[in-house]
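Hi,

Here is the structure I said I would pass on. Have a look at it first, and then read on for what turned up.

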Amino acid sequence: MLTTLLFLPLAVGCAMLLWGRAGVCRAGLPLTALIHAVLACAVAARVAQGETPTALGGLLAPDALGALFLALASLLFLAASVYAVHYLREEERIGEHTNILDHGRFTNAPERRFTACLCFFLASMTLVTVTPHLGAQWVGIEATTLSSAPLIYFHRHKSSLEATWKYLIICSVGIALALLGNILLAVAFHGASAAGDAAGLDQAGWFVRHAAQAEPTWLKAAFVFLLVGYGTKMGLAPLHNWLPDAHSQAPSLVSALLSGALLNCAMLGMLRGHQIMLAAGLGGLSGGMLTVLGLLSLLTAAVFIVGQGHYKRMLAYSSVEHMGILALGVGVGGLAVSGAMLHAVCHSLVKCMLFLLSGNILARYHTYSSYDVRGMRWTMPFTAALWTAGFLAVAGSPPFGIFVSELLIFKGMLAADRPWIAAAYLLLLAVIFVGLSVAVLRMVQGNRPTDMPAVRREALCSVLPPLALGLAVLTLGLWVPDGLWDFLTRAAALIGG
C-alpha cells in the first residue's frame, strides 16, 4: 500500500509527460487523486489503530505525525484536482492571455507538463510524510521545490517568472541549511553510532531512542540549522519572503496546495528536530525558539494584512500567521500541542478553500485588487457566500474549527503559565481579524460593476470542492470525532503534547 502511494503518482506523472493529451490528463488527474486519497486514509486509519505499516525495507514507515500530514495532503490534492478539471478547460478555451498587471500577452505552459508536475508534487509530499529516514525526508522536501516551481510558472509572464526564481533561490538556500542540520545531527550522534548501534532506515526513531547519548552542543547547532532551513520553506517570519510572491502569481489551485499541504511538509521536517531535542532534554531551548518565531510571524502577518489590497497576497500573509500559530502552539507545549495539531488540519482545509475561491474571483473580475472587486453577492452569490464563510473560518470565528483550535492553544498557554504570550497572541489575532474583515466585506458588499451581469452560472467543479472543504471545517468546529481526536493526541504526544 505504501509503495503504491509513492509510485502511483510518479508513474502517472511520467505517463502524462510522455504521452498524455489534454483531455486524458484532465481525466487522469482526479482519478489518480481519488485512488491516492483512499489509500492514504487507509494508512492513516491503520496508524491510528496503533499499527506501523512498512515498505521498502523500512524506508517507508509513517508514524502518527506523518500519517496525519499524508492524509491531509492527499485529501487537499483530491479537492484541487477536481477543481482543475474546469480550470484547465477554461484556460484552454481562452488560449492567449493578457497579463492583468502589465497587459502583456502570454500563453500557458503545456497542460500535460502542468498535470505531470502536479503528480510529481504529490509523490514528493508522500515521500516526505511516510519516511522515517531524515535524509530521504530531505530529498522529498527538495523534490517538492523542484516539482512545484513549474506549477508557479504555468502562466508564462514576467511576474510569475520572477516569483518562481525567488521561490527557487530562497527555498533552495533554506533546504541547503537543513541539509547542514542533518549533517550536524550525524556529528552529534557519532558517539552512539561508534558504540556499535548504528542507525538504520528509521533514523527519526533511532535519534529519539539515543538522544541521551548525543553531544548537546552539536545537537543544538543542528536544530538551529533545521529550524532556519525548514522554517524558510514553512514560511515562518522573517524567512517568509518567497511566500507572498509565489502564492500570488501561481494558479489558484497551486496556491491552495502550496499553502494547505506543502507548508505542513516543511513543518514536519522541523518537528522531527524538535522531537529529538525533547528526547535529549533540550525541549526548553527548541520550544523557546519556536515561540519567538511564532510571535514574530503573527506580528509580521498583522502588519502586512492590515490595508493589504491584493487579496491573494492577503491569503499568503494569512498563511504566515497560521504557521506562526502552529509554531507557537508546539513551542508552548502541553495542551497547546494538541490544539496545534487540530489547527494544522483546520488551517489546511480552509486555506485550500479560500485559494480555490480566489481563482473564481480572479476569473470573474480579472483583477487582484480587493478595492476593484465589489458586489460579489450579486455577480457570483455562491462564491460570495463561501468567501464570507471562509473568512470567518480562517479568522477564528465560531462555530468553525479554527476557533476551537485557537482556543485550545490559548488554554495551553494559560496552563503553561505564559500569560504575556497569551495576551500578545490575542491582541495580534484581533488586529488580523480586523484587517481581513475590511477587505473581505468590501469585496462581498457594495454595488456590482455596471458592465457585469447580476448573476452568472458558476461551474460545479469550481464551487463543490470549496464547499466540501468549508463543511469539513464547520463540522470540526461543532464536533471533533473521538477517533480523530485520539489520532491528533497521538501525533501531539510525539512532540511534547
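By contact I mean heavy atoms within 4.5 Å of each other. On that basis S147 touches C117, F120, F121 and S124, leaving out residues up to four places away in sequence. One thing to keep in mind throughout: this is a predicted model.

Staying with S147 for a moment, the residue belongs to helix α5. S147 counts as buried because its relative accessibility is 7%, and the cut-off for buried is under 20%. The side chain of S147 also has a polar atom 2.8 Å from the backbone oxygen of A143.

With a relative accessible area of 1%, Q137 is buried. Neighbours within four places aside, Q137 is in contact with V128, T131, L268, G269 and R272. If you want a sense of scale, Q137 and S81 are 56 residues apart in sequence, and their C-alpha atoms are 25 Å apart in space.

Now the core. Which residues touch the most other members of the largest nonpolar core? They are L253, M341 and W387, out of 170 residues in that core. Helix α14 (residues 335–365) is the biggest contributor, giving 19 residues.

Another spot to look at is S405, in helix α17. S405 is buried, as its relative accessible area is 0%. Apart from residues up to four places away in sequence, S405 touches G339, L342 and H343.

Helix α10 deserves a look as well. How many of its residues are buried? Eight of the eight, so I would call α10 mostly covered, buried being under 20% relative accessible area. The buried residues are W242, L243, P244, D245, A246, H247, S248 and Q249. The cover over them includes α5, α6 (158–188), α9, α11 (252–279), α13 (311–332) and α14.

The largest pocket has a volume of about 890 Å³. Two or more lining residues come from each of α3 (64–94), β1 (97–98), β2 (105–106), α10 (242–249) and α14. Of these, α3 gives the most, with seven residues. In total 37 residues line the pocket, and E91, G359, L362, A363 and R364 lie nearest its centre. By type, the lining divides into 12 nonpolar, 15 polar and 10 charged residues.

Last, some backbone geometry. Most residues other than glycine have a negative phi, and most peptide bonds are trans. Here are the exceptions I would check by eye:

- A237 and P238 are joined by a cis peptide bond, with omega at about 5 degrees. P238 is in the loop between α9 (216–234) and α10.
- The peptide bond from P398 to P399 is also cis, and its omega is near 10 degrees. P399 is in the loop between α16 (381–394) and α17 (401–415).
- L56 is not a glycine, yet its phi is positive, at about 55 degrees. You will find L56 in the loop between α2 (22–48) and α3. Is L56 buried, exposed or partly exposed? Partly exposed, because its relative accessible area is 41%.
- D417 is not a glycine either, and has a positive phi of about 60 degrees. D417 lies in the loop between α17 and α18 (419–444). D417 is exposed, since its relative accessible area is 62% and the cut-off for exposed is over 50%.

That's the handover.

Cheers

Conventions:
Residues are numbered from 1 along each chain as its sequence is written. This is a predicted model: local features need pLDDT of at least 70, side-chain atom pairs count only at pLDDT 80 or more; totals for chains, interfaces and linings use all residues. Side-chain values use heavy atoms; hydrogens and water are left out. A nonpolar core is a set of buried Ala, Val, Leu, Ile, Met, Phe, Trp, Tyr and Cys residues joined through side-chain atoms within 4.5 Å. Buried means under 20% relative accessible area, exposed over 50%, partly exposed in between (1.4 Å probe, protein chains only). Helices (H or I, at least four residues) and strands (E, at least two) are DSSP runs, numbered from the N terminus. A polar contact is a pair of N or O atoms within 3.5 Å; within protein, one must be able to donate a hydrogen and the other to accept it, and residues adjacent in sequence count only if both atoms are side-chain atoms. On a 1 Å grid over the protein atoms alone, a cavity is a set of points where a 1.4 Å probe fits but cannot get out, and a pocket is an open set with protein on both sides within 12 Å along at least five of seven lines; lining residues have an atom within 4 Å of a point. Grid points are joined across faces, edges and corners, and a volume is the space filled by probe spheres set on the points. Ala, Val, Leu, Ile, Met, Phe, Trp, Tyr, Cys and Pro count as nonpolar, Asp, Glu, Lys and Arg as charged, and the others, Gly among them, as polar.
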